[in-house]
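Thanks for making the time this morning. I would like to walk you through two parts of one structure, and please keep the picture in view while I talk.

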2 protein chains.
Amino acid sequence: MDTFDVHYRITVEPGTTLDEKVRGICLEQSVELPGSLVEEALEQRVVPRPVHSQQLSDDCWRVIISWPADNIGGEVTQFLNLLYGNISMKPGIRVEHIQWAKLPSGLFQGPAFGIRRLKEQYGWEKRPVSCTALKPMGMSAAELAERCYEFAAGGVDIIKDDHGIANQRYAPFEERTRECVKAVERAARDTGHRALYFPNITGEAVDVVTRYKQAAALGADGVLLCPHLSGLAVMHRIAQSSTKLPVMAHPAFSGSLTIQPDQGFSPGFLYGELWRALGADFAIYPNTGGRFSFTPGECSAINKAARSDESSFRKTFPVPGGGIHLENVGHWIETYGPDTVFLIGGSLYEHPKGIRYAARGFSEELKKSHS
Amino acid sequence: MDTFDVHYRITVEPGTTLDEKVRGICLEQSVELPGSLVEEALEQRVVPRPVHSQQLSDDCWRVIISWPADNIGGEVTQFLNLLYGNISMKPGIRVEHIQWAKLPSGLFQGPAFGIRRLKEQYGWEKRPVSCTALKPMGMSAAELAERCYEFAAGGVDIIKDDHGIANQRYAPFEERTRECVKAVERAARDTGHRALYFPNITGEAVDVVTRYKQAAALGADGVLLCPHLSGLAVMHRIAQSSTKLPVMAHPAFSGSLTIQPDQGFSPGFLYGELWRALGADFAIYPNTGGRFSFTPGECSAINKAARSDESSFRKTFPVPGGGIHLENVGHWIETYGPDTVFLIGGSLYEHPKGIRYAARGFSEELKKSHS
């Protein structure tokens, strides 16, 4: 029988034992019946079982549970349900790692591009990549496009919409995409540097698919998507579709899964492993020291999972955002290495000499770092 | 300018103030820039502002923030982003209530049926409703249909698939739906009682829409959906479509949003208010005292929000599940009242005299409770 392993970190509450809690998880996430009601043949066929455990502290263990692959039925949604459906309502259970290679082939296919192909395509082989965000919400498409031109003229590699710029009347999707594509093309004529523009296609799943195609038709270079708003499965769908634009994933609405240390998904698992499996070419995450609360260790774990050679999927660019500015970007380049996209938003807007000047400083830092 | 209020419970960390934290939320969730960079006209147009605050304890406040309705742009996904996108990655922020009546009309339309219409349609006017789950995963469609027949013959009102039974080869969606519809029809011929059958249509959003139509075409009476697996917006889409089957929502994969007391969504807000707005005719939630961890107060808050007259949406049936069995169902009927669907799963399967006998006992408890 085909099986695959899931690594959980399990905290055991007073009054129960590790064995009881693990058995509870195995039953809850498969037959959803007391074990005494499950016949032996069915137990063998569908109930997962623990295969390894290691004590981490007084009340905390790493436990590897082996799952029958047939329980997935070929669907990303049922895979997520099996992994963390009902047990999301129980405390003290965190998913940390999955044995991806043992999953049914085709269930997950990973990024359509990946780091190597994108670096070759855009000449980024020897250096990290710069990224910024068009904002704020409330500006017109023309105003956003003007900012887009300034960033492009300043040499930024990737200009993405802010994730909160959706399809409001301020700057509707189609008009905004058209104007911003024109802006990066105009900047290319003026300066010789062609920035990439990634519009935000987040919306209901059916609209994501439509906007992904529209973005390609309008000449955009990639797309931004918040998979936790649109549904995780739709990210995989577009990454595997015949429209070929790289996908940048944004963590909006995902935080409840990752910020509680004893439940949900570890940041490395969610933003590194799972998003990579689901086809994100770029994974934006809140960098340590910024407005949000990940630790340096959690950030390295995301980078490691996104770029690990152990996985057979193409590699995902980690995109740390927050807490990075012109004065310290050198430190972050040293720390995270050249296979990284650095996202600087607010601090470029704050620069007293304007965003084109700030963008130029940012681009130069990245180019000189590995020359 | 059209605005609507959102009620947050905010815990303030040492070293910061309530005003700073609230201002941070308002900027983060709109312009995503420091306030000093936002011109006054734009601030007025797009940045939300606090309109009321009430201290609840040393470090905790209820704060009402007023939002510009134009920031939503007519999309459920951007509404969720505005409500809790980036701030999901910050601790100490919980959404508790929304002023639904002030939202743009048509954005949310609520349940297509609602409690009153379902009670009239099925003759449930004077009593609560019984529901059970077909399981376990791993059985064939024929085996599940046989159990479905037994429950139906025992008089259960609604028989739903277990939420983990998706489209696995054990019992594929279409075959299972066809067999179970036949089973409830056969039981109706044999006993005079026509149970309702709700297959699980959870899957990728595009498959949800297809299976919803298929379920109707195959003669099912409603559907089960896990909106947190398939995407919240698709629940609203099917509830507003021309196919007319009631929708029962299941909380799988939602727990990280609700089980941490100082962040996410209060259970009353998520399973009561938001699911009702999104079109759930039935809202399953983990009852207090069961395998999961909600308090009696949280359960009453869900019931209250689902059935409140303050909202203009049709009412949602609360469906407490877990911790309810034949011996105590009378207590829960007293506590939750007749406009409730009681979900009993495992304890019917455990009955020594078999599931038809157990189902009959369950049905009789409900019928006698308000006769």
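**A covered helix, then a set of strands**

Let me start in chain A, where helix H9(A), residues 232–239, is mostly covered, with seven of its eight residues buried. Please bear in mind throughout that this is a predicted model. The buried residues of H9(A) are Leu232(A), Ala233(A), Val234(A), Met235(A), His236(A), Ile238(A) and Ala239(A). What do these buried residues of H9(A) pack against? Their partners in chain A include the helices H3 (76–84), H7 (205–217), H8 (227–230) and H11 (267–277), together with the strands E8 (223–225) and E9 (247–249).

Now to chain B, and to strand E6(B), which covers residues 158–161. From this strand Ile158(B) and Lys160(B) point one way, while Ile159(B) and Asp161(B) point the other way, and all are buried.

On to the strands that E6(B) pairs with. Strand E5(B), residues 129–134, runs parallel to E6(B) and is joined to it by four bridges, and within this pairing Cys131(B) has Ile158(B) as its bridge partner. Between these strands comes helix H5(B), residues 141–153, and E5(B), H5(B) and E6(B) make up a right-handed β-α-β unit.

E6(B) also pairs in the parallel sense with strand E7(B), residues 196–198, over three bridges, and here the bridge partner of Ile159(B) is Tyr197(B). To get from E6(B) to E7(B), the chain crosses through helix H6(B), residues 173–191, in a β-α-β crossover that is right-handed.

Notes:
Residues are numbered from 1 along each chain as its sequence is written. Chains are lettered from A and ligands numbered from 1 in the order in which they are written. This is a predicted model: local features need pLDDT of at least 70, side-chain atom pairs count only at pLDDT 80 or more; totals for chains, interfaces and linings use all residues. Side-chain values use heavy atoms; hydrogens and water are left out. Buried means under 20% relative accessible area, exposed over 50%, partly exposed in between (1.4 Å probe, protein chains only). Helices (H or I, at least four residues) and strands (E, at least two) are DSSP runs, numbered from the N terminus. Two strands pair if DSSP finds at least two bridges between them. A crossover is right-handed if, with the strands pointing away from the viewer, the path from the first strand over the helix to the second runs clockwise. Contact means heavy atoms within 4.5 Å.
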